[in-house]
Amino acid sequence: MAAASLSGHVAIITGAGRGFGQAIAMRLAAEGAAVTLTSRTAPQLAESVARIEANGGKAHAGAGDVTRPEDAARPVGRARPMRIVWSNANAVRPPASKGFFDWFGGQGADILCLQETKAQE
């Protein structure tokens, strides 16, 4: 593992089941952050958690769609001193129109990273 520059911090990563989201979660965990992962696909999340833990990281996951209020309302880690929310979305405007920024406002995060992604199958 790399130097633990994020030791004691929590990062929340959406879209963390595969691709960019999984890679970002693995990197933040390698830097020492405890990561909370979300994605719509539970089996992919389980794989991400297993990979992070196999490399000595700390991870927690919960499947859901953060554009759905009932999913976004679930508590997602309340550790301090710093919380990072990293959102990997297919686009920024659709999640925004479905309440993403309202959800984000309730997370108590210190840093928001938005990444618009379009995965090719």
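User: Contact means heavy atoms within 4.5 Å. With that in mind, which residues in α1 and α2 meet?

Analyst: Happy to start there! This is a predicted model, in which local features need pLDDT of at least 70 and side-chain atom pairs count only at pLDDT 80 or more, while totals for chains, interfaces and linings use all residues. Residues are numbered from 1 along each chain as its sequence is written, and side-chain values use heavy atoms, leaving out hydrogens and water. On the α2 side we find E47, S48, R51 and I52, and they meet Q22, A25, M26 and A29 in α1.

User: Into which classes do the residues of this contact divide?

Analyst: Ala, Val, Leu, Ile, Met, Phe, Trp, Tyr, Cys and Pro count as nonpolar, Asp, Glu, Lys and Arg as charged, and the others, Gly among them, as polar. Sorted that way, the contact of α1 with α2 has four nonpolar, two polar and two charged residues.

User: How are α1 and α2 oriented, parallel or antiparallel?

Analyst: Axes are lines fitted to C-alpha atoms, for helices over the stretch in contact, and angles run from 0 to 180 degrees between N-to-C directions. Helix α1 (residues 19-30) packs on helix α2 (residues 42-54) at about 30°, their axes being 10 Å apart. Angles under 35 degrees count as roughly parallel, over 145 as roughly antiparallel, 65 to 115 as roughly perpendicular and the rest as oblique. Therefore α1 and α2 are roughly parallel.

User: In what order do the elements of the protein chain run?

Analyst: Helices (H or I, at least four residues) and strands (E, at least two) are DSSP runs, numbered from the N terminus. The chain has five helices and five strands. Reading from the N terminus, their order is β-α-β-α-β-α-β-α-α-β.

User: Which residue forms a salt bridge with R27?

Analyst: A salt bridge is a side-chain nitrogen of Lys or Arg within 4 Å of a carboxyl oxygen of Asp or Glu. Searching the whole structure turns up one. The closest N and O atoms are 2.7 Å apart, and the partner of R27 is E31.

User: Is W103 buried or exposed?

Analyst: Buried means under 20% relative accessible area, exposed over 50%, and partly exposed in between (1.4 Å probe, protein chains only). You will find W103 in helix α5 (residues 100-105). Because its relative accessible area is 8%, W103 is buried.

User: And how does D110 count?

Analyst: D110 sits in the loop between α5 and β5 (111-116). Its relative accessibility is 45%, so D110 counts as partly exposed.
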